[in-house]
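Me: I want to know what the terms used for this model rest on. Please set each value against its definition.

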Amino acid sequence: MALVRPGSGRLEAVPCPMPALAPGQLRLRVHACGVCRTDLHLVDGDLPTPELPRIPGHEIVGTVVDAGGSAFAIGDRVGVPWLSSTCGACRYCLGGRENLCADARFTGWQLDGGYAEYAVAPAETCVAIPPGYSDEQAAPLLCAGLIGLRAWRMLPGASVVGLYGFGAAAHLIAQVALAEGQTVFAFTRPGDDAAQELARSLGVHWAGDTGQAPPQPLDGAILFAPAGELVPLALQHLAPGGTVVCAGIHMSDIPSFPYRWLWMERSVRSVANLTRRDAADFMAWAAAHPLHLAVHVYPLAQANDALADLRSGRIAGVAVLRCKG
Ligand SMILES: [Zn+2]
Ligand SMILES: [Zn+2]
């Protein structure tokens, strides 16, 4: 299922040849692929349009059918995340911050992704999938989980955390934060009872609308919703020294706000992509702590339905494509 017409908002079923295997790559039979908001930004034309046609999807779970001489073996179950290749030589790559590399290439954007039956990916970016998760459950770990973890780590020492936009990433990171002993408040778009119910079922301490004040000030807020107006809203609920983390790759403009809302060492920052270490760390965490995933499965051929449901906010939890019959 590929983007053929830029900004069309729709994918088309395109017959493709078997993807060629470059040195250092694995070929995978794709079993499942998560549907991420970034995929929507790609098909809706919010992100720079790549070379077309392009197959989206950067939460790929599959089995190795050609190991390409790597340490993986045929039959291994692996995952492919968003960050694909980086230059390996710049100061960011050499300093463990390859998420900031200017030459980074991304799965399902500059490279074909997992809305397909087969995919290729650099072996060095692939991660083993922990046993105990089905293919459909494991797929959202690869972006919602990994990038969610990176965002959450931008709040060291926080004891009260607010999550704005309770979708795929927040429903995973709420579980991480709760397991680590934090107080967690979930904010959803006004009237999204299904998402608030999901949040409460996972044990958050409070769930409400984005326009509401939380029961106590936040040490940190993570914005998973791509709505810039949430930045000043969240800032007003921050305790002194608190941080607002913007976790999306795309966000609407941030309205201006009085300086006093930022005063007292409050800060606003973004988090970009993920590092290979984030991937390894989150998969290890997920292996040791069973995560509950609210997964809605769609057949690959119904990828447009999954994107439409995500666009309109009809999914409480996460959408995943089943790519193998
Ligand atoms: Zn993603
Ligand atoms: Zn680099």
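Predicted model: local features only at pLDDT ≥ 70, side-chain atom pairs only at ≥ 80, totals over all residues.

Me: Which residues of α9 are buried, and why are they said to line one face of the helix?

Reply: They are A303, A306, L307 and L310. Buried means 20 or more other C-beta atoms within 10 Å of the residue's own, placed from the backbone (exposed is 12 or fewer, partly exposed in between). Seen down the axis of α9, these residues fall within an arc of 95°, so they line one face; the arc is taken from the directions from the helix axis to the C-beta atoms. They pack against β1, α1, β14 and β15, where contact means C-beta atoms, placed from the backbone, within 7 Å.

Me: How do you know that β15 is paired with β14 and with β1?

Reply: Pairing requires at least two DSSP bridges. β14 and β15 have five and run parallel, and H296 is bridged to A319. From β14 the chain passes through α9 (residues 303–311) to β15 in a right-handed β-α-β crossover, that is, clockwise from the first strand over the helix to the second with the strands pointing away from the viewer. β1 and β15 have four bridges and are antiparallel, with C33 partnered by L321. Both pairs therefore meet the criterion.

Me: What makes β15 mostly covered?

Reply: Four of its five residues, 318–322, are buried.

Me: What makes a set of residues a nonpolar core, and which members of the largest one touch the most others?

Reply: The members must be buried Ala, Val, Leu, Ile, Met, Phe, Trp, Tyr or Cys residues, joined through C-beta atoms within 7 Å. The largest core has 105 residues, and L163, I173, A186, I222 and L223 touch the most other members. Helix α5 (residues 168–179) gives the largest share, eight residues. Beyond four places in sequence, the contacts of L163 include A170, V184 and F224.

Conventions. Residues numbered from 1 in each chain as written. Chains lettered and ligands numbered in written order. Helix = DSSP H or I, 4+ residues; strand = E, 2+ residues; numbered from the N terminus. Contact = placed C-beta atoms within 7 Å.
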